[in-house]
Amino acid sequence: MKSPQSSPKSKTTLLENEKEEVQEPPMFSTTKTKCKKLAFIPLVFLIYFQISGGPYNTESTVGSGGPFNAILGFLLFPIIWSIPEALVTAELATTFHGNGGFVIWTHQAFGPFWGFLIGFWKFFSAVINLSSYPGLCIDYIDPLLPTLLSHLPHYLLISLSTLLLSVFNFIGLPTVGYAAISLGILSYLPFIVLSVCAIPQIDPSKWVSSGKISRKRNWPSFFNSLFWNLNCWDNVSTLVAEGVKNPPKTLPKAFLAAGLLTYLTSLIPLLAAIGAMSLDLDDWNDGFYTVVAYKIVGKRFAKWVRVGAFLSGIGVYQSQLSSCSHQLLGMAELGLLPGLFGARSKWSGTPWVGILISAMISILVSYMNFKHVTSVVNVLFSLSMLVEFSAFIWLRVKLPDLQRPFKLPVTRVRGLIAVLFIPFGILVYITCVGTKVVYLVIALLTVFGIIWYFCMKIFQAKMWLGFNHVVAKLADYEDLGYYGQFVKK
């Protein structure tokens, strides 16, 4: 979107909306490549996989919280958490759309340090999360692998699968979007069959059962699993500038469609499985749907569920890798990272360095225990969302006259705080139920991130690495309400 001073050839993302008198050409300009936009349906499935990807790995909510609490969680959590997060994302992403996404919003609200730190937290939350999916895919598909492959070292298989899963991202974002449609449909087909076949065996009284009364509830595990399966709505913000046509109209509709899709695909199989199966909560762990399929439909059908889980893992990996790579691209365009991080493929225009860095880091952390991965991801995400929600409220105070193409229909700050009160409480709870190992990992990552930030400032000042000179110029937009053409006159 052009500023009033822009020439016809000026760029359309954040870094290119600069005043003529201070404009300096970026080292890795986004004008060199015209990226194709995502159509509506591919965008919906991309968001769907960034949030959930289907009912796989929801079984542990039953084991940790009981049948009734699991159903209640998937009924209420989208209302008290997902809707507020989606509305905040829709407002900010359509107002400050650039490859940096949430980094841009926080940068504008609190300055470059917090912009970098939230980007650092979100990036490592995402790539650590990515590291779990190749392993999960292999675990699901392992019984179906040829004998030769099954004897390869586990970590070699993970490394090979990670690199293979990254291929679509190198081709381009529209390819990832259309692949997400196929993966979403194929991965959910087994659950349509499973839910239909379970109908004669469903006992509705099991839906309100608490399971074994003597069994102690594991509430931290319950909320971590629930949160992990229904968050990350803001990930798509890093793709809005290049991937979404007419964001103010398209993005809210895509959120609504993806939300309904996530809601139904998670809840329907859960109701069917709980109603038709025994309620021995010790059995309800991640992967239990294969047992459900075996007992309700048959042995061969259980293999289909495994294949579906494999395809779902591919979809989640592809969509989240897209967000990670475009986030690095955006941070490089903002000058928060060296320009090298924003390098694009000359053939496809994809941020190949961001894709490669994200994939390699996910390989390095793939040895972590999955329970630790989930908790680390959730706590890092919660810390960043606490800052992000705070930035949302502060931007309403700081830039009250800014024209917002899509706006959460609450005007007063007290009203915004009330809307986000429960989401804030959820984030604080998730942050507080981590283990010592989780806190140690996050503390080390945060210290490393702070050191990295100040090292980047030194490198930039000494001109040891090439940076885009946009960070210093963002202050020019404060008096203009960030984008001068959006300020009401």
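This is a predicted model: local features need pLDDT of at least 70, side-chain atom pairs count only at pLDDT 80 or more; totals for chains, interfaces and linings use all residues.
Setting aside neighbours within four places in sequence, I find Ser-60 in contact with Ser-225, Trp-284, Asn-285 and Asp-286. With Ser-225 there is a polar contact between the side chains, at 3.0 Å. Ser-60 sits in helix α2, residues 59–65.

Is Ser-60 buried or exposed? The relative accessible area is 14%. Buried means under 20%, so Ser-60 counts as buried.

Next, cavities. How many reach 30 Å³ or more? I count three.

I took the largest cavity next. Its space comes to about 200 Å³. I find 23 residues in the lining. Nearest the centre lie Ser-52, Asn-57, Tyr-133, Trp-228 and Val-316. Which elements give two or more residues to this lining? They are α1 (40–51), α5 (112–141), α10 (219–230) and α14 (299–333). I also sorted the lining of the largest cavity by class: twelve residues are nonpolar, eleven are polar, and none is charged.

Then the second largest cavity. I note a volume of about 120 Å³. Its lining holds 14 residues. Closest to the centre are Lys-122, Ala-126, Cys-232, Asn-235 and Cys-324. At least two lining residues come from each of α5, α14 and α16 (370–398). By class, I get six nonpolar, seven polar and one charged for the second largest cavity.

Definitions and conventions:
Residues are numbered from 1 along each chain as its sequence is written. Side-chain values use heavy atoms; hydrogens and water are left out. On a 1 Å grid over the protein atoms alone, a cavity is a set of points where a 1.4 Å probe fits but cannot get out, and a pocket is an open set with protein on both sides within 12 Å along at least five of seven lines; lining residues have an atom within 4 Å of a point. Grid points are joined across faces, edges and corners, and a volume is the space filled by probe spheres set on the points. Helices (H or I, at least four residues) and strands (E, at least two) are DSSP runs, numbered from the N terminus. Ala, Val, Leu, Ile, Met, Phe, Trp, Tyr, Cys and Pro count as nonpolar, Asp, Glu, Lys and Arg as charged, and the others, Gly among them, as polar. Buried means under 20% relative accessible area, exposed over 50%, partly exposed in between (1.4 Å probe, protein chains only). A polar contact is a pair of N or O atoms within 3.5 Å; within protein, one must be able to donate a hydrogen and the other to accept it, and residues adjacent in sequence count only if both atoms are side-chain atoms. Contact means heavy atoms within 4.5 Å.
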